[in-house]
Amino acid sequence: MRPVAIVTGGTSGIGLAAARALCSRNVAVYCLSRHPVELEGIAHLVADVSDEEQVARAVEDVLRREGRIDILINNAGYGISGAAEMTDSAEARKLMDVNLFGMVNAARAVLPIMRKQGSGRIVFTSSVAAVLPIPFQAWYSVSKAAINAYSLALQNEVRFMGITTCAVMPGDIRTGFTAARQKSHVGDAVYQGRIARSVSKMEKDEVKGMAPETAGKFLAHIALKKRVKPYYAIGLEYKFFVMLSRLLPCGLIGRLLGMLYSGNP
């Protein structure tokens with residue numbers, strides 16, 4: 001019996017690459033996204049991850065069709081940028097509804113199924129920004145840090161049930177995520193042009209970043225591993241950065257990030 005996987009945000013970028021990689025390894029894959037789309041060899045269900053009822057219905061549909069759910073790759077998310085001070089609270093809550101609570105909704109829907117099976121794997125797509133918060137992308141960084149914390153806490157709650165979780169932290173990836181970022185330059189004059197410069201640098205790094213297929217294959221590999229660690233960074237460069245974040249004083253890390261992304265001395 002081949003494994004059954006659900007991939008949220010699986011119609012583009014890393015999610016689609018992960019879905020295709022799982023299919024190539026004989027996994028039955030169902031992708032969830034807000035809009036209808038046809039994917040060759042991959043089933044698609046319409047569900048807005050920020051709507052708990054829609055996610056629950058989609059998961060129930062997969063269960064009716066397959067009889068089990070072995071893997072959840074929790075990938076749906078987007079980014080906003082701008083000064084933390086100037087970011088509208090409604091926009092911040094909307095981001096958290098998708099990036100954090102969207103993943104919570106999907107995990108909550110599959111957990112009873114995996115508990116009954118006595119097995120399951122939940123992979124959360126986080127970001128290196130979770131441990132290296134980026135100036136002028138504060139809320140994106142907050143959402144990813146929250147995902148890391150949620151994944152680790154959940155792991156220690158459900159491990160005895162045979163369910164394992166982990167968070168995967170990509171760095172710069174060449175996807176439509178860059179173009180889809182909701183940018184705000186409100187207050188840029190107050191911040192002496194730092195908002196625009198910071199976001200421009202980040203987007204240049206993303207355009208030159210890792211191919212989504214590389215990240216997607218890594219997610220699929222982690223989803224199918226027998227045992228997993230709590231956190232993974234993708235690529236030697238980002239593994240090195242994450243290691244530095246653990247070894248160097250927090251103040252020094254903050255100053256380095258400030259120099260890179262906000263022009264602070």
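With a relative accessibility of 19%, Thr87 counts as buried, a label given to residues under 20% relative accessible area, with exposed meaning over 50% and partly exposed in between (1.4 Å probe, protein chains only). The model is predicted, so local features need pLDDT of at least 70 and side-chain atom pairs count only at pLDDT 80 or more, while totals for chains, interfaces and linings use all residues. Residues are numbered from 1 along each chain as its sequence is written, and side-chain values use heavy atoms, with hydrogens and water left out.

Thr87 sits in the loop that links β5 (80-81) to α3 (89-99); helices (H or I, at least four residues) and strands (E, at least two) are DSSP runs, numbered from the N terminus. Leaving aside residues up to four places away in sequence, Thr87 touches Ile80, Gly82, Ala92 and Trp139, where a contact means heavy atoms within 4.5 Å.

Asn74, a residue of strand β4, is also worth a look. At 0% relative accessibility, Asn74 counts as buried. Its partners, again not counting residues up to four places away in sequence, are Thr8, Gly102, Met103, Ala106, Ala107, Ile122, Val123, Phe124 and Thr125.

The buried residues of α8 are Pro212, Ala215, Gly216, Phe218, Leu219, Ala220, Ile222 and Ala223. An α-helix has 3.6 residues a turn, so residues three or four places apart point the same way. Cover for the buried residues of α8 includes α1 (13-23), β4 (71-74), β6 (120-125), β7 (163-169) and β9 (231-233).

Turning to the whole chain, the protein has 10 helices and 9 strands. For 265 residues, a compact globule would have a radius of gyration near 18 Å, and the value of 18 Å for the protein chain agrees; this radius is taken over C-alpha atoms, and the globule rule is 2.2 Å times the number of residues to the power 0.38. The C-alpha atoms fill a box of roughly 60 × 40 × 30 Å along the principal axes. Buried residues make up 50% of the 265 residues. Of the contacts with a separation of 6 or more, 69% join residues 24 or more positions apart.
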